[in-house]
Amino acid sequence: MRISLSSYFAAVFLLAIVSLAVLAPVLPMKDPVVMDVLKRFAGPSSANWLGNDAFGRDVFARIVHGARASLSVAVLAALASAAVGVVVGLIAGYFRGWIELAALRPMDIILSFPPMLLALLTVALVGPGTVTLTLLLSILFVPTYARITYGETLSVRNLEYVDAARALGHGHARIMFRTVLPNVAGPVFVQFSLVVAACIVLESGLSFLGLGVTPPNSSWGLMIRDARPHMGQNPMGLIWPCLALVLTVWSVNRLCDQLRDVLDPRGAVKLLPAPGLLRRWARALPQPERRDNPEGRLLDVDNISTEIRTARGTINAVDGVSLVVNPGEVIALVGESGSGKSVTGFSIMQLLPYRISRVTGGSIHYSRDPEGHGPLERLDRLPPESYRQYRGNEIAMVFQEPMACLNPVYTVGRQLAEAIRAHDACPTAELRKRSIAALADVGIPDPARRIEEYPHQLSGGMRQRVALAIALCGNPRLLIADEPTTALDVTVQAQILELLDRIRRERNIGLIFITHDLGVVAQLADRVVVMYCGQVVEDGSVEEIFYHPRHPYTRGLLDSVPKHGELGDKTEKRLLSIRGTVPSPFDLPSGCRYAPRCDFARPACDKGVPVLETVEGRHTTRCRRWKDIAL
Ligand SMILES: Nc1ncnc2c1ncn2[C@@H]1O[C@H](COP(=O)(O)OP(=O)(O)OP(=O)(O)O)[C@@H](O)[C@H]1O
């Protein structure tokens with residue numbers, strides 16, 4: 001990134017003025033308060049570089065000491081207000097609800113007062129002085145930071161990389177400060193420059209009015225106040241403090257603007273350390289209910305329903321879904337867009353859209369025993385803090401769009417290191433080695449170089465491999481992959497599928513593969529669960545689903561797949577599409593939800609929702625007519 005010449009100038013000017021201000025007491029300078037009436041309005045000389053003011057005081061010394069007062073008040077106030085405002089904005093935007101209300105209302109109250117009026121009132125009541133001024137300015141500018149951070153947090157909090165951080169089992173504080181904050185830091189930096197500038201101007205204004213820094217101390221506002229009555233006689237007395245003021249304000253703005261560009265997205269802001277305490281606390285939280293696991297299942301989702309509240313009303317995005325995953329087994333969850341596949345995955349991961357959705361019924365059990373047959377633990381009743389023990393460590397998730405779920409401001413190495421550290425206390429010296437090994441494991445060439453790169457420097461396929469490497473850092477035994485290949489081209493798609501298959505076999509991971517592409521399913525899955533309008537309409541082995549479908553919707557999906565030799569002659573015919581469209585979740589048919597689009601529907605199909613009937617073994621269908629129709 002190119003740094004402009006004006007930024008260099010701003011940096012040099014600020015460095016000079018700040019150094020002078022800090023070192024003022026030890027520099028061999030004139031005393032800024034000592035008067036010499038004989039030198040009244042004397043011009044610049046080798047002894048007095050910028051001349052003398054109306055009381056014969058050295059103007060250069062007063063400018064430097066004025067910088068000390070103006071800058072310390074402004075920077076301290078801007079930092080204090082930033083510290084409070086950013087935390088308030090983050091908490092309000094991240095948690096929302098009543099916390100949002102409680103955090104933001106006081107901000108609105110402060111904002112409703114014009115700053116100058118409030119400053120005048122307070123200083124008039126408390127009395128002028130540097131400490132009062134700093135405190136006052138700090139309070140005045142908290143709301144501006146809070147509102148900016150709040151707005152930015154709202155736009156970031158639902159992005160996939162925040163979900164991915166949750167999926168890794170990170171706590172709220174860690175997500176807020178290490179995932180969300182770096183992504184909202186840009187506007188906060190710009191705001192910091194504006195607040196410093198505004199504080200310098202306000203301090204000068206109040207000192208000019210005699211309500212800020214008090215004589216004999218020096219400040220730029222006081223200098224302007226002293227020079228104003230003599231501006232005809234000695235215009236330079238006014239120009240020097242004004243010039244110092246303008247150049248400082250401009251330099252701060254310029255520099256913060258450039259800093260924002262440097263830090264986002266190709267730099268990293270160092271933030272709070274990992275809250276290990278929260279992790280330890282999570283281990284002491286309520287433990288799940290247990291039940292026997294004679295069949296050795298890894299995951300047993302039984303009849304879960306999930307509702308989502310929208311502006312138009314509440315929808316049952318998932319309605320009585322059951323599925324079972326055994327260790328090392330691949331379950332493909334297929335169906336058209338909006339059939340509830342992702343919501344099923346999010347329900348298992350407890351990553352449903354915050355506050356607007358919840359699992360309303362059914363149960364989700366998971367076995368932590370790597371040997372199988374260990375007890376099944378009930379996850380759906382666990383409080384979120386307890387559930388975090390499972391996310392990342394036991395159950396991980398990869399998402400459709402890797403660019404959106406990788407944090408754009410961190411290098412690949414740092415994101416891997418975070419993921420590794422989230423699961424075990426890996427020593428810093430080993431982190432790099434383990435990050436490189438994790439990348440090599442997902443087939444990334446030259447991993448030592450790649451860990452130094454940012455997500456935008458990688459191809460789509462590589463990003464997905466990185467996302468997978470991050471998801472695997474906690475050695476999960478169940479992986480939910482939500483359309484991980486949809487955003488990739490066909491060749492890369494095939495490579496990612498091969499990779500998933502290899503990793504699954506090597507680690508005996510159970511995989512729920514969410515897709516709308518039956519072609520992909522044939523390559524990877526052991527079983528297929530077909531979903532339509534939030535319900536499972538057919539569940540069977542790959543052979544049963546591909547060669548002996550027992551639901552007309554499954555047949556329709558199969559007919560929509562482009563010709564694939566390995567699927568047998570049934571698909572080697574003209575490409576068909578299912579007529580009609582998926583019904584709106586607000587207006588679902590009262591009987592079989594597929595009936596309006598089904599070529600085999602009879603009037604009886606509209607009466608009551610059909611139940612899942614067993615065809616044979618674990619093969620089930622939600623079609624009343626499966627015995628009568630030839631598919
Ligand atoms: N955050 C949300 N707010 C409102 N409705 C939602 C939200 N997320 C999902 N839905 C609704 O829930 C239903 C199921 O959505 P879901 O994303 O699970 O479908 P899907 O089968 O995964 O589709 P796709 O293949 O397009 O991802 C849809 O009707 C969808 O509109």
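Predicted model: local features only at pLDDT ≥ 70, side-chain atom pairs only at ≥ 80, totals over all residues.
Let's start with the ligand. It is surrounded by 15 residues, and Ala-317, Ser-337, Lys-341, Ser-342 and Val-343 are the closest of these. Three elements supply at least two shell residues each: strand E2 (299–310), strand E3 (313–325) and helix H11 (341–349). Of the contributors, H11 gives the most, with three residues.

The UniProt record, an unreviewed entry, puts "transmembrane region" features at residues 7–27, 71–95 and 116–142. Two of these stretches can be set against the secondary structure of the model. Residues 7–27 are 81% helix and 0% strand, with 27 Å between the end C-alpha atoms. For residues 71–95 the figures are 100% helix and 0% strand, and here the end C-alpha atoms lie 35 Å apart.

Finally, the helix pair. Helix H3 (residues 97–111) packs against helix H5 (residues 130–156) at an angle of about 130°, and their axes are 9 Å apart. Because angles over 145 degrees would be needed for roughly antiparallel, H3 counts as oblique to H5. The crossing of H3 past H5 is left-handed. On the H3 side, Leu-104, Met-107, Ile-110 and Leu-111 make the contact, while H5 brings in Ile-139, Leu-140, Val-142, Pro-143, Ala-146, Arg-147 and Tyr-150. Sorted by type, the residues of this contact are 10 nonpolar and one charged, with no polar ones.

Conventions:
Residues numbered from 1 in each chain as written. Near = placed C-beta within 6 Å. Helix = DSSP H or I, 4+ residues; strand = E, 2+ residues; numbered from the N terminus. UniProt positions renumbered as here; feature names shortened; annotations may be inferred. Axes fitted to C-alpha atoms, helices over the stretch in contact; angles between N-to-C directions. Parallel < 35°, antiparallel > 145°, perpendicular 65-115°, else oblique. Left-handed = near helix turned anticlockwise from the far one by under 90°. Contact = placed C-beta atoms within 7 Å. Nonpolar A, V, L, I, M, F, W, Y, C, P; charged D, E, K, R; others polar.
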